[in-house]
Amino acid sequence: MSEFQHVVFQAVDRPLSDRELAFAQRQSTRADVTRWSLSADYHYSSFRGDVNGLLRRGYDVFLQYTNYGDREIKIRLPHGLPFDEKLYSRYVDGERLTWDKDAKGCGGILRLHPFHESGELAEVWELQRYLDLAVKVRAHLISGDLRALYLLWLCAADDDYNDPDETVEPPVPHGISDVPDHVGDFLTFYGLDPLLLLAAAKDVEGAPPDESVEKPVQAWAKSLKTQQARDLLVKLLTEDTAGLKARLLAEVRDAQPWAIWPTTDLRRTFAELLAQTERLRSSANAKTAAKAAAKAKRAAAKAEKKRKSRMIEIAKSPNEWLRAAEKLVEDRGTDNYKAAADILSDLREAVGGEKGEEMARKHAAHLALKHPTLNHLKSSLRKRGLWS
């Protein structure tokens, strides 16, 4: 199997400016570059552009995927991690999950890059889906949702150089089991079971009540002076709306104190979380199997009821059904041959006794002799004991 690398950058808050676009175009001669994205595929080579430079010049999310197990996500947070450093430093380990702060300002790049041996992770094909999930994780981080940071810690903890028996989890955010399914599915990119979040939720309280997003916006709007509001209106009508909105929302966030997300410090090892996940998966699989068995039983009962109803009709007018079987064979096709054999088998049972046996076998012989080259037909008749 040849080596394969896929890299993609996505702009979320705004499109790239002319200058930023020119920088992006210089990073690779093989990449497909637009104001909203940059993507490229490589075989036996790799992307050699400035990843962090691109993230600091317009793009907001980076995803790298290889078919030999190297998977990396980088998220640009222009206004920094919205958590106290003493708290987020317990999630960001500086090796597999790192925070690269900008030289100026409070922004930076959050990088997730655990190590896995080649062939350890199953290949994935829906790469756009995982890029979209990374964008959604970024939105949760920006909003101050600590659960998103815990999610990234889980991905980082599953590293081949990391001893799960010695790796202790950081404080668990309340409501970790209530994260949207699309966020939990992010775990599968790194080969983890989404039930890991449910395992982490054991003995942890639910999410805090959501506060209205409108409240801080309304408070910020009231603080604007008349001239400020007029200048803002002019900008809305003349500048890039998406970019301006992103900057304004950042101003709103900066004007508000960050909410402290409640946590529970259980200090479980990653091995304990994995063991609990296996128990949950085993239980879930058993329930799924039971549901599948019940569904199959209902389907079988329905099919048998339908078959018995058909057999009543067959017993009333067997010659009509013999003609129907012959018509199916004439129309050709493996499914039609099977259906014709089913009709003769049901006719034998519906008519019953020696008469039913003779009528079914006689017509089966008629069909086989009339169509000597139809081996699939003969095989279907043999399986039902109608032809030897």
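Arg147 is found in helix α5; helices here are DSSP runs of H or I with at least four residues, strands are runs of E with at least two, and both are numbered from the N terminus. This is a predicted model, in which local features need pLDDT of at least 70 and side-chain atom pairs count only at pLDDT 80 or more, while totals for chains, interfaces and linings use all residues. Residues are numbered from 1 along each chain as its sequence is written, and side-chain values use heavy atoms, with hydrogens and water left out.

Back to Arg147: with a relative accessible area of 10%, this residue is buried (buried means under 20% relative accessible area, exposed over 50%, partly exposed in between, using a 1.4 Å probe and protein chains only). Setting aside neighbours within four places in sequence, its contacts include Pro173, His174, Asp178 and Trp261, a contact being heavy atoms within 4.5 Å. Its helix, α5 (residues 146-157), lies across β6 and β7 and runs at about 45° to β7. Axes are lines fitted to C-alpha atoms, for helices over the stretch in contact, and angles run from 0 to 180 degrees between N-to-C directions.

Now for the sheet. The open sheet has seven strands in the order β2-β3-β1-β4-β5-β7-β6, with antiparallel pairing; two strands pair if DSSP finds at least two bridges between them. At the edges sit β2 (32-33) and β6 (97-101), each pairing on one side only. β2 and β3 form a hairpin with three residues between them. Here are three of the pairings:

| Strand pair | Sense | Bridges | Facing residues |
|---|---|---|---|
| β2 and β3 | antiparallel | two | Val33 and Leu38 |
| β1 and β3 | antiparallel | six | Val7 and Ala40 |
| β5 and β7 | antiparallel | five | Lys74 and Arg111 |

In a regular strand the side chains alternate between the two faces of the sheet.

Over in strand β5 lies Arg71, which counts as buried at 2% relative accessibility. Not counting residues up to four places away in sequence, Arg71 touches Gln64, Leu112, Ala122, Phe189 and Tyr190, among others. Its side chain reaches the backbone oxygen of Ala122 at 2.6 Å. Its C-alpha is 53 Å from that of Ala341, which is 270 residues away along the chain.

Asp18, in helix α1 (residues 18-25), counts as exposed at 58% relative accessibility. Its side chain makes a polar contact with the side chain of Arg35 at 2.6 Å; such a contact is a pair of N or O atoms within 3.5 Å, where within protein one must be able to donate a hydrogen and the other to accept it, and residues adjacent in sequence count only if both atoms are side-chain atoms.

Finally, a helix pair. Helix α11 (residues 270-316) and helix α13 (residues 334-351) pack at an angle of about 70°, their axes 9 Å apart. That makes α11 roughly perpendicular to α13 (65 to 115 degrees; under 35 is roughly parallel, over 145 roughly antiparallel and the rest oblique). Arg307, Arg310, Met311, Ile314 and Ala315 of α11 make the contact with α13 residues including Asp342, Ile343 and Leu347. The contact residues divide into six nonpolar, no polar and five charged, where Ala, Val, Leu, Ile, Met, Phe, Trp, Tyr, Cys and Pro count as nonpolar, Asp, Glu, Lys and Arg as charged, and the others, Gly among them, as polar.
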